[in-house]
Amino acid sequence: MIKFFFTVWMMMATGSAAPIQTDEQFKTAVASMGTENKLVLMIYTMDDCPECAYMKQKVFHDKAVEAYMKRNFVVIEKNVHKSKLPDGYDFFGIPTMFFIDKAGNKKETIVGSKRAQPFLTELRRIRGIQ
């Protein structure tokens with residue numbers, strides 16, 4: 001049983017999902033990048049999610065996190081109860097953050113909230129850029 005859940009989690013965390021290319025928010029995010037080498041950070045949220053609110057209100061607005069995100073990511077938000085979610089981007093916890101390249105390849109997935117400094121460390125690791 002544990003092996004099954006681990007396998008499902010690994011597929012969700014590392015799998016690639018080309019259908020994101022048909023998502024209008026994703027297409028708009030990629031178009032806004034121009035020639036910049038950024039990733040899309042797609043965050044799944046929902047109403048009444050304290051962890052989502054914490055990430056959006058505190059962590060994303062930490063000075064160091066905000067500056068790094070602005071240079072390296074374009075953020076799009078999808079409310080899991082109100083937005084159409086792209087195929088292949090399933091979630092099992094909220095918030096879920098998907099890091100996607102311009103071609104629509106899922107690079108990384110983070111589930112749950114983090115404090116500002118550990119989140120910034122994760123962002124740097126995902127980008128591979130200081």
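Tutor: This is a predicted model. Start with charged side chains: E108, E122 and R125 are linked in a network of salt bridges.

Student: How far apart are the closest N and O atoms of E122 and R125?
Tutor: E122 and R125 are 3 residues apart in helix α5, so about one helical turn separates them. In general, residues three or four places apart in an α-helix point the same way, because the helix has 3.6 residues a turn. R125 counts as partly exposed, at 44% relative accessibility. The closest N and O atoms of its salt bridge with E122 are apart by 2.8 Å.

Student: How many salt bridges does a search of the whole structure find?
Tutor: A salt bridge needs a side-chain nitrogen of Lys or Arg within 4 Å of a carboxyl oxygen of Asp or Glu. The side chains of K38 and E36 meet in one, at 3.8 Å from N to O. Here K38 is buried, at 11% relative accessibility, while E36 is partly exposed, at 41%. Over the whole structure, the number of salt bridges found is 8.

Student: Which residue meets K78 in a salt bridge?
Tutor: K78 counts as buried, with 3% relative accessibility. The N to O distance in its salt bridge is 2.9 Å, and the side chain it meets is that of D23. The pair links distant parts of the chain, 55 residues apart: K78 is in strand β2, and in the loop between α1 and α2 lies D23.

Student: Which nearest side chain of opposite charge does R127 have?
Tutor: R127 is in helix α5, which covers residues 116-127. Its contacts beyond four places in sequence are N37, K38, L39, Y68, N72 and F73. R127 is buried yet has no salt bridge; at 8.7 Å, the nearest side chain of opposite charge is D101.

Student: Why do the buried residues of α2 lie on the same side of it?
Tutor: The buried residues of helix α2 are F26, A29, V30 and M33. The face turned away from them carries the exposed residues E24, T28 and A31. Strands β1, β2 and β3 are included in what covers the buried residues.

Student: Which side chain makes a polar contact with the side chain of N79?
Tutor: N79 is in strand β2 and counts as buried, at 11% relative accessibility. A polar atom of its side chain lies 2.8 Å from the backbone nitrogen of H81. Among the residues N79 touches are T45, M46 and L85. The side-chain polar contact, at 3.1 Å, is with D47.

Student: D48 is not a glycine; what is its phi?
Tutor: Most residues other than glycine have a negative phi. D48 is in the loop between β1 and α3 and counts as exposed, at 78% relative accessibility. Its phi is positive, at about 60°.

Student: The peptide bond from I94 to P95 is cis; what is its omega near?
Tutor: Most peptide bonds are trans. P95 lies in the loop between β2 and β3. The bond from I94 to P95 is cis, with an omega near -5°.

Methods
Residues are numbered from 1 along each chain as its sequence is written. This is a predicted model: local features need pLDDT of at least 70, side-chain atom pairs count only at pLDDT 80 or more; totals for chains, interfaces and linings use all residues. Side-chain values use heavy atoms; hydrogens and water are left out. Helices (H or I, at least four residues) and strands (E, at least two) are DSSP runs, numbered from the N terminus. Buried means under 20% relative accessible area, exposed over 50%, partly exposed in between (1.4 Å probe, protein chains only). Lys and Arg count as positive and Asp and Glu as negative; His and the chain ends are not counted. Contact means heavy atoms within 4.5 Å. A polar contact is a pair of N or O atoms within 3.5 Å; within protein, one must be able to donate a hydrogen and the other to accept it, and residues adjacent in sequence count only if both atoms are side-chain atoms.
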